[in-house]
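Reader: Could you take me through the salt bridges in this one, slowly and in plain words? I'd like a close look at who pairs with whom, and where those partners sit.

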Amino acid sequence: MSTVEKELRVGLVGYAFMGAAHSQAWRTVNRVYDLPARARMAVICGRDESKVADAAGRLGWDEYATDWREVVNRDDIDVIDVCTPGDSHAEITIAALAAGKHVLCEKPLANTVEEARAMVAAAATAQAAGVRAMCGFNYRRVPAVTLMRELVASGRLGVIRHVRAAYLQDWIVDPQFPLVWRLQKDRAGSGALGDIGAHIVDLTQYVTGQRITGVSAVTETFVKERPLSAESSGLAASAGNGSADAVPTGPVTVDDAAVFVARLDGGALGTYEATRFATGRKNALRVEINGSLGSVVFDLERLNELEFYEATGPTTEQGFKRILVTEPEHPYLAAWWPPGHIIGYEHSFTHEMRDFIEAIATGADPSPSFTEALQVQLVLDAVARSAEAGSSWTEVEPALATIAA
Ligand code: SOE
């Protein structure tokens with residue numbers, strides 16, 4: 001018997017990759033978890049009417065709309081889920097919070113620190129009126145990652161010395177891959193840095209409970225000019241393209257790769273790599289933490305597993321063990337399948353919706369809060385500034401200090 005009392009009517013803005021992933025999660029969450037509120041997939045919103053109409057039917061939404069302003073101001077909507085490119089996160093989120101809607105905003109929170117600060121301020125004002133805001137760093141909710149954090153927090157790893165993180169993709173290795181919005185600074189804010197670097201910055205701060213305090217970085221744009229796509233054809237084509245029938249091209253204005261070293265406030269050293277040029281690596285996210293008493297390793301391509309090494313007992317018997325993270329006692333898993341019946345990428349989003357619904361219904365503060373997401377944004381900003389300044393050491397302000405200022 002379900003204990004559901006309340007319906008939360010959701011409006012989702014955006015219907016592409018993340019819109020589809022979030023839809024899947026909204027559709028599943030109350031079928032798996034017994035929660036104090038039930039999500040209703042009320043309306044999906046996007047500018048292109050035929051595409052959003054198609055998405056509404058395919059993804060399971062009651063209705064579609066083409067104007068997000070109308071959606072955020074509707075009296076019958078309780079939650080706004082922002083899955084648009086980064087250039088509209090701040091505007092939609094701030095309007096939705098002002099209209100009293102709970103907001104889930106995709107990562108990275110914004111395209112700039114300034115926008116992120118404005119979003120934090122809007123969330124703080126709305127929170128006083130009982131409105132909740134959360135940023136969608138979904139990988140926190142992979143059970144093995146949550147377990148990793150628990151192991152670090154319990155002291156089993158001792159003092160954390162090293163944080164080693166890489167997020168590797170290869171989808172733009174081909175120079176003929178078109179100039180999509182993710183390769184344009186005005187739309188995406190940054191490239192590999194904000195899109196996938198943001199995940200490893202958030203994950204490592206979450207898992208260790210430590211904050212990155214300073215960085216030294218290099219970034220690179222390997223392919224500087226790309227063919228315009230239908231999506232990017234509004235951009236001015238570059239001149240001097242040779243023959244008259246050559247495909248028009250435009251400049252890539254974001255980084256293809258970002259590599260940096262960091263210090264964390266608990267004394268750990270961090271190394272980070274985010275790239276879209278790791279040929280053969282499709283979506284390879286790996287985090288390794290080394291402490292004085294042990295180590296843990298997470299690899300997204302084997303997301304049901306966690307490697308754990310404890311430097312205890314006879315040295316002849318020490319070694320990394322593989323924990324299969326599918327027991328009902330493991331985070332999030334009691335509601336899914338029997339042990340060994342593995343889960344995947346999409347489940348991280350279902351877990352995200354579960355936690356958000358629970359926070360809204362119980363009045364708890366959801367995490368990652370916008371302040372935590374601002375902390376990530378401050379790191380991204382410091383990485384970009386360090387790279388511009390020839391890798392010079394760049395301090396990262398604490399988010400709380402920047403809000404108070
Ligand atoms: C980019 O390719 C992307 O889809 C990111 O935007 C997601 O956040 C990441 O989870 C997978 O890769």
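Author: Let's begin with what counts as a helix here: a DSSP run of H or I that is at least four residues long, with numbering from the N terminus. Keep in mind that this is a predicted model.

With that in hand, take helix α10, which covers residues 370-388. Aspartate 381 makes a salt bridge with arginine 385, and their closest N and O atoms are 2.9 Å apart. Why do these two line up? They are 4 residues apart in α10, so about one helical turn separates them. Side chains of opposite charge can pair when their charged atoms come close. Both ends of this pair are partly exposed: aspartate 381 has a relative accessible area of 29%, and arginine 385 comes in at 41%. Elsewhere, salt bridges with shared partners tie Glu7, Arg9, Glu63, Arg74 and Asp76 into one network.

As for α10 itself, the helix lies across β8 (212-220), β11 (257-264) and β17, and runs at about 50 degrees to β8. Those strands belong to an open sheet of 9 strands with mixed pairing, in the order β16-β15-β14-β13-β7-β12-β11-β8-β17. At the edges you find β16 (321-324) and β17 (394-395); each has a single partner strand, so one side of each has no neighbour in the sheet. Further in, β7 pairs with β12 (residues 269-275) in the parallel sense, over 7 bridges. Across that pairing, alanine 166 stands opposite glutamate 273 in β12.

Strand β15 brings us back to charges. Glutamate 310 forms a salt bridge with arginine 156, again with 2.9 Å between the closest N and O atoms. This one ties together distant parts of the chain: glutamate 310 is in β15 (residues 305-310), while arginine 156 is in the loop between α6 (143-153) and β7 (160-168), 154 residues apart. Glutamate 310 is partly exposed, at 23% relative accessible area, and arginine 156 is partly exposed too, at 37%.

There's another pair to look at, glutamate 305 with arginine 302, whose side chains meet in a salt bridge at 3.1 Å, N to O. Is glutamate 305 buried or exposed? With 16% relative accessibility, glutamate 305 counts as buried, because the cut-off for buried is under 20%. Arginine 302, on the other hand, is partly exposed at 48%.

How values were computed
Residues numbered from 1 in each chain as written. Predicted model: local features only at pLDDT ≥ 70, side-chain atom pairs only at ≥ 80, totals over all residues. Heavy atoms only, no water. Salt bridge = Lys/Arg side-chain N within 4 Å of Asp/Glu carboxyl O. Helix = DSSP H or I, 4+ residues; strand = E, 2+ residues; numbered from the N terminus. Buried < 20%, exposed > 50% of the residue type's maximum accessible area, 1.4 Å probe, protein only. Pairing = 2+ DSSP bridges. Contact = heavy atoms within 4.5 Å. Axes fitted to C-alpha atoms, helices over the stretch in contact; angles between N-to-C directions.
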